[in-house]
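The stops below are arranged as a series of selections.

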Amino acid sequence: MSYNYEEIIPFLLNWFDYNARILAWRENPKPYYVWVSEIMLQQTRVEAVKGYFDRFTCALPDVKALAEADEERLLKLWEGLGYYNRVRNLQKAAIKIMDEYQGEIPGDYEKLLNLPGIGTYTAGAIASIAFQIPVPVVDGNVLRVTKRISCSFDDITKDSVKKELWQDLYNIMPSDRPGDFNQSLMELGATVCLPNGKPLCDKCPVMHLCKAFKEDKIMQLPVKPQKKERRIEERTILLIEYQEKFTLHKRLKKGLLSGLWELPGVDSKLKAEETIDHLKEMGFELVEITPLGEAKHIFSHVEWHMIGYHVKASKLDLLRMKEKEFILANKEEIDEKYSIPNAFSTYIKQI
Ligand code: SF4
């Protein structure tokens, strides 16, 4: 149901003036910084993003550098953040900005929306924070805060609910400080109006306007139906060592972790003897196999339940390895050059 949020504006802006966290992309909100930070923040908390943001913008300080970056280096800079398609899209958009806008990120909401990897949320954030264009942003924090203020039991996972909120906020955007207003809503959600029924209402600047607080319904809001259970996939992960190097395998160009380097594996949990048989079939001669224990990694729709083995090989079929997209890399190359997804971190740490 539609709601008028106008009353909250002065209280939120005043609170934001004194309570906003100091962040590099906030101190210097140039469009490139806002864009990179917002893409990083889609998957990671602010505290964790700080380090990644500094490293990324130091290595690739502007759109041109991003557009021209070698793919391996780009993925390495993104290592640890996951969702590698986001950084690939970041680069596709940078190339488009170089081609169509002479390297200047367009200060236009519709043009931003037409760039790869930029949806309504990111376009709204860049437009409002970097260009002071009065368009709203609707993310999980904004949905939680507003649905509590209005005491709305709408299902926040529905697109229709998000669209209606976008329109409600669009109608009341303060034209003098649209970026600060958007950030104040997000900041309130991140630091005060916390999820899982634990908001710090006594610190909230809009407590006196919050209907859920007045009606004692905070614990029930926002309404978000349970997600479907994740699919469990069992895997065996192999740390194959040969002459102080380790085998890496390039994943297929489609699907989960597409096109990224991984530790080779098998799509089931194998016992040590079965692992030895499997590797012999692939042309490896083994001298030693050591179990590395179990590990779990959670993706959005899938969980990997893994078992790992460290295998020392005395011989391998290099030609066959090349055909199957395997390479050998030493520890330094794995640390510096190849980006290996977090899913393998338990076993990569053993190198
Ligand atoms: Fe959130 Fe509590 Fe503030 Fe309401 S009063 S907006 S529930 S922190």
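**The whole chain**

Begin with the entire protein chain, bearing in mind that this is a predicted model. The chain contains 17 helices and seven strands. Its C-alpha atoms fill a box of roughly 75 × 50 × 35 Å along the principal axes. Of its 351 residues, 47% count as buried. Among contacts with a sequence separation of 6 or more, 70% are made by residues 24 or more positions apart.

**Helix H7**

Select residues 84-101, which form helix H7. The end C-alpha atoms of H7 are 25 Å apart, in agreement with the 26 Å that its 18 residues should span at 1.5 Å a residue. Next, colour the buried residues of this helix: Tyr84, Val87, Arg88, Leu90, Gln91, Ala93, Ala94, Ile97 and Tyr101.

Which helices do the buried residues of H7 pack against? They pack against H3 (31-41), H4 (46-59), H5 (63-68), H6 (71-78) and H8 (109-113). Just after H7, select Gln102, which takes a positive phi of about 50°.

**Helix H6 against helix H7**

Two packed helices are described by the angle between their axes and the distance between the axes. For H6 and H7 the angle is about 130° and the axes are 10 Å apart; the two helices are therefore oblique to each other. H6 passes H7 in a right-handed crossing. To see the contact, show the side chains of Glu71, Leu74, Leu75 and Trp78 in H6, which meet Tyr84, Arg86, Val87, Arg88, Leu90 and Gln91 in H7. The residues of this contact divide into six nonpolar, one polar and three charged.

**Helix H12**

Move to residues 178-191, helix H12. H12 has 14 residues and reaches 20 Å from its first C-alpha to its last, close to the 20 Å expected at 1.5 Å a residue. Is H12 mostly covered or mostly uncovered? H12 is mostly covered, with eleven of its 14 residues buried. The buried residues are Pro178, Gly179, Phe181, Asn182, Gln183, Ser184, Leu185, Met186, Glu187, Leu188 and Gly189.

**Helix H1 against helix H12**

The axes of H1 and H12 come within 9 Å and cross at roughly 75°. That makes H1 roughly perpendicular to H12. On the H1 side, select Ile8, Ile9, Leu12, Leu13, Trp15, Phe16 and Asn19; these meet Asp180, Phe181, Gln183, Ser184, Leu185, Glu187, Leu188 and Thr191 in H12. The contact residues of H1 and H12 divide into nine nonpolar, four polar and two charged.

**Backbone details in the loops**

Now turn to the backbone. Most residues other than glycine have a negative phi, and most peptide bonds are trans. Select Cys151 in the loop between H10 and H11. Cys151 has a positive phi of about 50° although it is not a glycine. At 12% relative accessibility, Cys151 counts as buried.

Continue to Pro222, in the loop between H13 (211-214) and strand S1. A cis peptide bond joins Leu221 and Pro222, with omega about 0°.

**The end of strand S1**

Finish with Tyr242, found in strand S1 (residues 231-242). Tyr242 has 16% relative accessibility and so counts as buried. Leaving aside residues up to four places away in sequence, Tyr242 touches Ala313, Ser314, Lys315, Leu316 and Leu328. How far apart in space are Tyr242 and Lys214, C-alpha to C-alpha? They are 66 Å apart in space and 28 residues apart in sequence.

Gln243 is a residue other than glycine with a positive phi, near 50°. Is Gln243 buried or exposed? At 63% relative accessibility, Gln243 counts as exposed, whereas Tyr242 counts as buried.

Terms used
Residues are numbered from 1 along each chain as its sequence is written. This is a predicted model: local features need pLDDT of at least 70, side-chain atom pairs count only at pLDDT 80 or more; totals for chains, interfaces and linings use all residues. Side-chain values use heavy atoms; hydrogens and water are left out. Helices (H or I, at least four residues) and strands (E, at least two) are DSSP runs, numbered from the N terminus. The expected span of a helix is 1.5 Å times one less than its number of residues. Buried means under 20% relative accessible area, exposed over 50%, partly exposed in between (1.4 Å probe, protein chains only). Contact means heavy atoms within 4.5 Å. Axes are lines fitted to C-alpha atoms, for helices over the stretch in contact, and angles run from 0 to 180 degrees between N-to-C directions. Angles under 35 degrees count as roughly parallel, over 145 as roughly antiparallel, 65 to 115 as roughly perpendicular and the rest as oblique. A crossing is left-handed if the near helix is turned anticlockwise from the far one by less than a right angle, and right-handed if clockwise. Ala, Val, Leu, Ile, Met, Phe, Trp, Tyr, Cys and Pro count as nonpolar, Asp, Glu, Lys and Arg as charged, and the others, Gly among them, as polar.
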